[in-house]
Amino acid sequence: MKTIHRPLLILISAIFFLTACSTQKQTTGSSTAITDAVAARNYTFIATSVFPTEDSRFNPRLLLPNASNLYQLTSRYDLRVTPDSVIAYLPFFGRSYTAPMDPTKGGIKFTSTKFDYKKTQRKSNYEIEITPKDNREVQSLYLTVSPSGFASLRVLSVNKTPISFNGNVEGNQ
(Lines give C-alpha, C1' and ligand atoms only; values in the text may rest on other atoms or scores of the structure.)
Protein backbone atom coordinates (compact mmCIF):
# COMPACT_ATOMS: atom_id res chain seq x y z
CA MET A 1 0.00 0.00 0.00
CA LYS A 2 2.88 2.36 0.75
CA THR A 3 4.30 1.83 -2.71
CA ILE A 4 1.08 3.07 -4.32
CA HIS A 5 0.92 6.24 -2.21
CA ARG A 6 4.46 7.35 -2.97
CA PRO A 7 4.14 7.51 -6.82
CA LEU A 8 0.69 9.06 -6.46
CA LEU A 9 2.07 11.70 -4.11
CA ILE A 10 4.94 12.45 -6.49
CA LEU A 11 2.55 12.73 -9.43
CA ILE A 12 0.21 15.11 -7.59
CA SER A 13 3.16 17.23 -6.42
CA ALA A 14 4.50 17.45 -9.98
CA ILE A 15 1.08 18.54 -11.30
CA PHE A 16 0.79 21.30 -8.68
CA PHE A 17 4.35 22.44 -9.38
CA LEU A 18 3.85 22.61 -13.15
CA THR A 19 0.55 24.48 -12.90
CA ALA A 20 2.12 26.98 -10.49
CA CYS A 21 4.98 27.60 -12.92
CA SER A 22 2.66 28.07 -15.87
CA THR A 23 0.51 30.68 -14.10
CA GLN A 24 3.52 32.83 -13.20
CA LYS A 25 3.89 34.10 -16.76
CA GLN A 26 0.91 36.45 -16.58
CA THR A 27 1.48 39.95 -17.86
CA THR A 28 -0.25 43.16 -16.88
CA GLY A 29 -0.60 44.58 -20.36
CA SER A 30 0.45 43.97 -23.91
CA SER A 31 4.03 44.73 -24.82
CA THR A 32 3.11 47.13 -27.61
CA ALA A 33 0.70 49.09 -25.41
CA ILE A 34 3.40 49.58 -22.76
CA THR A 35 5.99 50.52 -25.40
CA ASP A 36 3.63 53.02 -27.02
CA ALA A 37 2.69 54.59 -23.67
CA VAL A 38 6.33 54.99 -22.61
CA ALA A 39 7.28 56.40 -26.01
CA ALA A 40 4.40 58.91 -25.84
CA ARG A 41 5.21 59.85 -22.20
CA ASN A 42 1.63 59.11 -21.26
CA TYR A 43 1.50 56.42 -18.56
CA THR A 44 0.86 55.79 -14.89
CA PHE A 45 3.07 53.80 -12.52
CA ILE A 46 0.89 52.09 -9.88
CA ALA A 47 2.83 51.09 -6.78
CA THR A 48 2.01 47.70 -5.24
CA SER A 49 4.89 47.35 -2.77
CA VAL A 50 7.44 49.62 -1.14
CA PHE A 51 11.00 48.96 0.00
CA PRO A 52 12.31 51.72 2.28
CA THR A 53 16.05 51.91 2.85
CA GLU A 54 16.53 51.93 6.58
CA ASP A 55 19.67 51.47 8.56
CA SER A 56 19.60 48.42 10.83
CA ARG A 57 20.75 50.60 13.73
CA PHE A 58 17.32 52.24 13.69
CA ASN A 59 15.27 49.12 12.93
CA PRO A 60 16.14 46.12 15.14
CA ARG A 61 13.83 43.90 13.09
CA LEU A 62 16.43 43.95 10.30
CA LEU A 63 18.96 42.24 12.55
CA LEU A 64 16.93 39.02 12.41
CA PRO A 65 17.76 36.44 9.75
CA ASN A 66 15.43 36.52 6.72
CA ALA A 67 14.11 39.93 7.75
CA SER A 68 12.87 42.20 5.00
CA ASN A 69 11.74 45.75 4.59
CA LEU A 70 9.26 44.96 1.80
CA TYR A 71 5.75 46.21 2.55
CA GLN A 72 2.68 45.47 0.42
CA LEU A 73 0.51 48.52 -0.28
CA THR A 74 -3.25 48.16 0.07
CA SER A 75 -4.30 51.60 -1.18
CA ARG A 76 -3.71 53.08 -4.62
CA TYR A 77 -0.52 55.11 -4.88
CA ASP A 78 0.77 56.21 -8.24
CA LEU A 79 3.07 58.35 -10.35
CA ARG A 80 1.31 59.81 -13.39
CA VAL A 81 3.47 60.96 -16.30
CA THR A 82 2.04 63.02 -19.14
CA PRO A 83 3.93 64.97 -21.81
CA ASP A 84 3.58 68.22 -19.85
CA SER A 85 3.44 67.15 -16.17
CA VAL A 86 4.48 64.62 -13.54
CA ILE A 87 2.06 64.01 -10.66
CA ALA A 88 3.20 61.92 -7.70
CA TYR A 89 1.04 60.52 -4.93
CA LEU A 90 3.29 58.06 -3.10
CA PRO A 91 3.73 57.06 0.54
CA PHE A 92 6.97 57.48 2.45
CA PHE A 93 8.40 55.09 5.01
CA GLY A 94 11.80 55.92 6.34
CA ARG A 95 13.80 58.69 7.90
CA SER A 96 12.96 62.30 7.16
CA TYR A 97 15.49 64.92 8.19
CA THR A 98 12.97 67.77 8.24
CA ALA A 99 9.31 67.59 9.18
CA PRO A 100 6.62 69.39 7.19
CA MET A 101 4.75 72.18 8.94
CA ASP A 102 1.43 70.67 7.86
CA PRO A 103 1.05 67.00 8.93
CA THR A 104 -1.13 66.27 5.88
CA LYS A 105 1.81 67.10 3.60
CA GLY A 106 3.61 63.83 4.41
CA GLY A 107 4.61 61.29 1.81
CA ILE A 108 5.83 62.11 -1.67
CA LYS A 109 3.15 64.33 -3.17
CA PHE A 110 3.88 66.88 -5.86
CA THR A 111 2.94 68.12 -9.31
CA SER A 112 5.75 69.21 -11.59
CA THR A 113 5.36 70.96 -14.92
CA LYS A 114 9.06 71.75 -15.38
CA PHE A 115 11.16 68.60 -15.47
CA ASP A 116 13.91 66.84 -17.37
CA TYR A 117 12.95 63.50 -18.89
CA LYS A 118 15.64 61.11 -20.09
CA LYS A 119 14.69 57.71 -21.53
CA THR A 120 17.17 54.98 -22.46
CA GLN A 121 16.66 51.38 -23.44
CA ARG A 122 18.78 48.68 -21.88
CA LYS A 123 18.19 45.22 -23.33
CA SER A 124 14.39 45.16 -23.50
CA ASN A 125 13.74 47.39 -20.45
CA TYR A 126 13.24 51.14 -20.47
CA GLU A 127 15.20 53.18 -17.95
CA ILE A 128 13.66 56.59 -17.34
CA GLU A 129 15.13 59.42 -15.28
CA ILE A 130 12.83 62.27 -14.29
CA THR A 131 14.34 65.32 -12.60
CA PRO A 132 11.75 67.86 -11.39
CA LYS A 133 12.99 71.43 -11.58
CA ASP A 134 10.11 73.11 -9.76
CA ASN A 135 10.13 70.88 -6.67
CA ARG A 136 12.63 71.43 -3.88
CA GLU A 137 11.86 68.15 -2.10
CA VAL A 138 12.40 65.45 -4.76
CA GLN A 139 15.80 65.30 -6.40
CA SER A 140 15.13 62.63 -9.05
CA LEU A 141 12.94 59.67 -9.97
CA TYR A 142 14.38 56.56 -11.62
CA LEU A 143 11.83 54.29 -13.30
CA THR A 144 12.67 50.92 -14.87
CA VAL A 145 9.90 49.45 -17.03
CA SER A 146 9.84 45.95 -18.50
CA PRO A 147 7.95 45.20 -21.74
CA SER A 148 5.30 43.28 -19.78
CA GLY A 149 4.49 46.35 -17.66
CA PHE A 150 6.22 45.46 -14.41
CA ALA A 151 8.26 48.38 -13.10
CA SER A 152 10.37 49.63 -10.23
CA LEU A 153 10.70 53.23 -9.10
CA ARG A 154 13.48 54.73 -7.00
CA VAL A 155 12.91 58.15 -5.45
CA LEU A 156 15.81 60.28 -4.26
CA SER A 157 14.82 63.17 -2.03
CA VAL A 158 16.78 66.05 -0.59
CA ASN A 159 15.56 65.68 3.01
CA LYS A 160 14.52 61.99 3.14
CA THR A 161 16.21 58.63 2.80
CA PRO A 162 15.87 56.94 -0.62
CA ILE A 163 12.86 54.70 -1.18
CA SER A 164 11.96 52.14 -3.84
CA PHE A 165 8.60 50.99 -5.15
CA ASN A 166 7.56 47.99 -7.25
CA GLY A 167 4.44 47.99 -9.34
CA ASN A 168 2.93 48.09 -12.80
CA VAL A 169 2.79 50.62 -15.63
CA GLU A 170 -0.45 51.30 -17.47
CA GLY A 171 -1.10 53.58 -20.41
CA ASN A 172 -3.25 56.66 -19.76
CA GLN A 173 -6.53 57.05 -21.65
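Is Asp78 buried or exposed at 16% relative accessibility? Asp78 counts as buried, because its relative accessibility is 16% (buried means under 20% relative accessible area, exposed over 50%, and partly exposed in between, with a 1.4 Å probe and protein chains only). This is a predicted model, in which local features need pLDDT of at least 70 and side-chain atom pairs count only at pLDDT 80 or more, while totals for chains, interfaces and linings use all residues. Residues are numbered from 1 along each chain as its sequence is written, and side-chain values use heavy atoms, with hydrogens and water left out.

**The chain as a whole**
- The chain has 2 helices and 9 strands; these are DSSP runs numbered from the N terminus, with helices (H or I) of at least four residues and strands (E) of at least two.
- Read from the N terminus, the order is α-α-β-β-β-β-β-β-β-β-β.
- Of the 173 residues in the chain, 31% are buried.

**Around Asp78**
- Asp78 sits in strand 2, which covers residues 71-82.
- Leaving out residues up to four places away in sequence, Asp78 touches Thr44, Phe45, Ile46, Ile87, Ala88, Tyr89 and Leu90 (contact means heavy atoms within 4.5 Å).
- Its side chain also makes a polar contact with the side chain of Arg76, at 3.5 Å (a pair of N or O atoms within 3.5 Å; within protein, one must be able to donate a hydrogen and the other to accept it, and residues adjacent in sequence count only if both atoms are side-chain atoms).

**Two loop residues with positive phi**
- Arg41, in the loop between helix 2 (31-39) and strand 1 (43-52), has a phi near 55°, a positive value in a residue other than glycine.
- Arg41 counts as partly exposed because its relative accessibility is 30%.
- Lys123 is not a glycine either, yet its phi is positive at about 55°; Lys123 lies in the loop between strand 5 (115-122) and strand 6 (125-132).
- With 82% relative accessibility, Lys123 counts as exposed.

**The lining of the largest pocket**
- The lining of the largest pocket includes 6 nonpolar, 7 polar and 4 charged residues (Ala, Val, Leu, Ile, Met, Phe, Trp, Tyr, Cys and Pro count as nonpolar, Asp, Glu, Lys and Arg as charged, and the others, Gly among them, as polar).
- Strand 4 (residues 108-112) gives the largest share of this lining, with 3 residues.
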